[in-house]
Structures are given as C-alpha cells and as structure tokens.
Amino acid sequence: MKTQNISKLICPKTKSELKLFKSFEYSGENLIIGTLINNSGYKYEIVNGIPDFTTLTDLTGNASFARKYYASIAETYDENVHITFELYNENESNIRNRMIDLLELKPNFKVLEVSAGTGKDSEIIASRLNKNSELWLLDISPEMLAHNMERLKNVEIPTEFVVASACSLPFADNYFDALYCFAGVGHFPDLPKGLKEMARVVRPGGKVVFSEKNVPEWLRDTEYGKICINNNSMFADPVPFKHIPIEARDLCVKWINGNVHYVFDYTVGVGEPNGNFDIELPGERGGTFNTRYYGKIEGITLETKRKAIEAQKLTTKSMHRWLDEIINREAEKILVKAKKNEMD
Ligand SMILES: C[S@@+](CC[C@H](N)C(=O)[O-])C[C@H]1O[C@@H](n2cnc3c(N)ncnc32)[C@H](O)[C@@H]1O
C-alpha cells in the first residue's frame, strides 16, 4: 500500500487514527511489509502490501467459517463463479454491469467494494474511474484479495486492498462517494452492524448497492424456488428490510440474476427523514401530523364524544381547532385564577 494512504484508514475498534509503527519492506512507493499502530498501542500487520484489521473477535461464527472457506476455494473461485449466472441462463458480465450501473459512478469518485473477493466486479468498477479516484477493495479473506490484486495489477487508477470484517470498517464516517457489495452480506456475522457500517462510511448523497442470493416469497412454492433453496439454504434467508439503516433514501430493491438475487440500492441521507409535520390538514378532523402525534391527552366518555361530534359539526371549525380552543381557554382560566390566588 502507498504510505500516504495510511492516513485515510482508521482503527476500526477505537476509530482513532493510525500511524506507521514499523516498515520492513518496500517495492518502489509501495509498503509491502510493515505494522500500523493506533493511539492505544494496538497493532495491525501489513502483509503483501495489505493491512489486516481482523482481530480474534471479528473471526468468530460466520466470519471464521467464511475466512477458512474462501481461503480453501480462492484458487479455483474464478474458474467456477460463472456457474452462479449460467444456472439461471444469465450473462455474468451483463448482471455485474447492471448492478454497478446503480452506483452512478463519476470518474473521480472514492469507492469502497466490500467482500470484493477475487475482483470480478472490482475490475468493472475500476474501468469506470480515473486517476483522481480512489478504489478500496476490502475482504475478510487475504487469499481472495491476493487474486484480486493480481487481476488489477495493471489498472492505473489508485487502488488499495484491505483485509477487514465488513462489520468493522477501518474508514472514517462519510469518506466514500459510493459503496458496492455483491454476495457478501449473507456471510456477515452481524448483519445489522454490517449494513449500518455501509451507510456510515458513505457521504450524504452517495450511493450504496448490495446484493445477495434470495428466493423471493412469490417463488418459494415453485419447483424453481425449492430447487434453489434445496441447493443452498441461504436462498431462504430473509430479505434484510428491517436492518436497512435509517439514513437510506429513495431505496429500490429488485430481484435479478434468475430472479433469485435481491439488489438494494439507496442514497445515503442524514439521520431519519425530515417531515413538514406542522402543515394544517384540511377536513373535519383537522390538526397536523405533529398535533395528532404529540397532542394526545386522556380519553373522554362515549357520551361526551358523541356530543362533541354533534356540536363540532355545527361549528365551522375542524375537530382539532374546536377542541384546541376549548381546552386552551378552560386551562388558561384555571391557570390565571391559580396565579391570582397565589399572589393574594
Ligand atoms: C461469494 S464471494 C463474492 C466475491 C465477489 N464479490 C464476487 O462477486 O465474486 C463472498 C466474499 O465475501 C467475503 N466475506 C465473507 N464474510 C465477510 C465479512 N464478514 N467481511 C468481509 N468480507 C467477507 C468472502 O471472503 C468472499 O470473498
């Protein structure tokens, strides 16, 4: 990795900055072997030019399985991955390009690909960027990333590789313009955290695109759907609607690649959406979204309610306005009287 890019990384645990502790081997401008250190003395090794941020806590459960599994198939992954598309009579290049289109990349963007693997999508993303961009390729498997590095070795755009867990990204908030992840989400050991991390590191206005295998509800009872689920139970995992971060805006989801892979794309916003909830609503009920939500007080008897509805209809006011004025007037009377008694 380029030493000047170390300042663009942070410690994923403490979110503090990282410094070069030791550098042992360079190849031209690239640091090949070295050690990074955070402000509490915790160290991360750089091996083959790739910093490894995974700690023992990252490598439990699913993550430990994924790291071992992908180490064991890294060598043959590229020979076999076309099957993931041919099974459904799809063209791999078309599907990958369609998903990457959703990133709406500009040539100078800073892009993070999570679970980048051997780089089949990394190569396409790189082809859409220029020398002023940054492409960061992250995976939990050093073996998969080694193949990615080999694939991209002649690419002339600034590219860096990082071994880390998708659930603990070593980047500052809002650093990237776009984030992409194909077929990684299903392996995340903490899916809500992984999806939150995606939104955290992308700037407001930037795009997040992620995709995973999934037989949608309407295909669950077909032979087609059952055959897919029978082959790999991940096809039956729930679509992670409830874990989509609150910052997601204009979210779209569609099923592509044989209709058995969902693709989410959304624009990152700030916090929860803002509403214009003080707008007075027309009609008999009246009031605003805010008065209806915040203005609730104790219920009344059915008899009083019936009378109130009858009486309100004889006024020109909405129920909200009528009640608000009556209650306000009565409350004011009592409060003024109480104040007067206090002063006497
Ligand atoms: C099915 S492969 C997909 C690779 C690549 N995106 C592609 O399209 O060919 C899944 C990738 O997810 C990575 N992965 C699994 N768990 C991960 C995690 N917790 N954090 C980051 N990457 C992970 C694996 O190492 C593997 O490279």
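Predicted model: local features only at pLDDT ≥ 70, side-chain atom pairs only at ≥ 80, totals over all residues.
Helix 1 is the largest contributor to the shell around the ligand, giving three residues. Helices here (H or I, at least four residues) and strands (E, at least two) are DSSP runs, numbered from the N terminus. Helix 1 (61–73) and helix 5 (120–127) each provide at least two residues of this shell. In total, 22 residues surround the ligand, and the closest are Ser 115, Gly 117, Ser 141, Ala 166 and His 187; a residue is near a molecule if its C-beta atom, placed from the backbone, lies within 6 Å of it. Sorted by class, the shell holds 13 nonpolar, six polar and three charged residues. In this sorting, Ala, Val, Leu, Ile, Met, Phe, Trp, Tyr, Cys and Pro count as nonpolar, Asp, Glu, Lys and Arg as charged, and the others, Gly among them, as polar.

Residues are numbered from 1 along each chain as its sequence is written.

Turning to the whole protein, 11 helices and 11 strands are present. The assignment, automatic or from a database, divides the protein into domain 1 (52–268) and domain 2 (289–343). The C-alpha centres of domain 1 and domain 2 are 55 Å apart. Along the principal axes, the C-alpha atoms fill a box of roughly 85 × 60 × 40 Å. The radius of gyration is 28 Å, whereas a compact globule of 344 residues would have one near 20 Å; this radius is taken over C-alpha atoms, and the globule rule is 2.2 Å times the number of residues to the power 0.38.

What share of the 344 residues is buried? Buried residues make up 33% of them. A residue is buried if 20 or more other C-beta atoms lie within 10 Å of its own, exposed if 12 or fewer, and partly exposed in between, with C-beta atoms placed from the backbone. The largest nonpolar core has 67 residues, and Leu 179 and Tyr 180 have the most contacts inside it. Such a core is a set of buried Ala, Val, Leu, Ile, Met, Phe, Trp, Tyr and Cys residues joined through C-beta atoms within 7 Å. Strand 8 supplies the largest share of this core, six residues. In general, nonpolar side chains in soluble globular proteins tend to be buried together.

Contacts (C-beta atoms, placed from the backbone, within 7 Å) show how Leu 179 is surrounded: not counting residues up to four places away in sequence, Leu 179 touches Leu 112, Val 114, Met 198, Val 201, Val 202 and Val 208. Ile 95, in helix 4, is buried because 20 other C-beta atoms lie within 10 Å. Leaving aside neighbours within four places in sequence, Ile 95 is in contact with Phe 85, Glu 90, Ile 256 and Asn 257.

Glu 104, in the loop between helix 4 (92–101) and strand 5 (110–114), has a positive phi of about 50° although it is not a glycine. Glu 104 is partly exposed, since 14 other C-beta atoms lie within 10 Å. Asn 174 lies between strand 7 (159–163) and strand 8 (176–182), and its phi is near 65°, again positive in a residue other than glycine. With 16 C-beta neighbours inside 10 Å, Asn 174 is partly exposed.

Notes. Contact = placed C-beta atoms within 7 Å.
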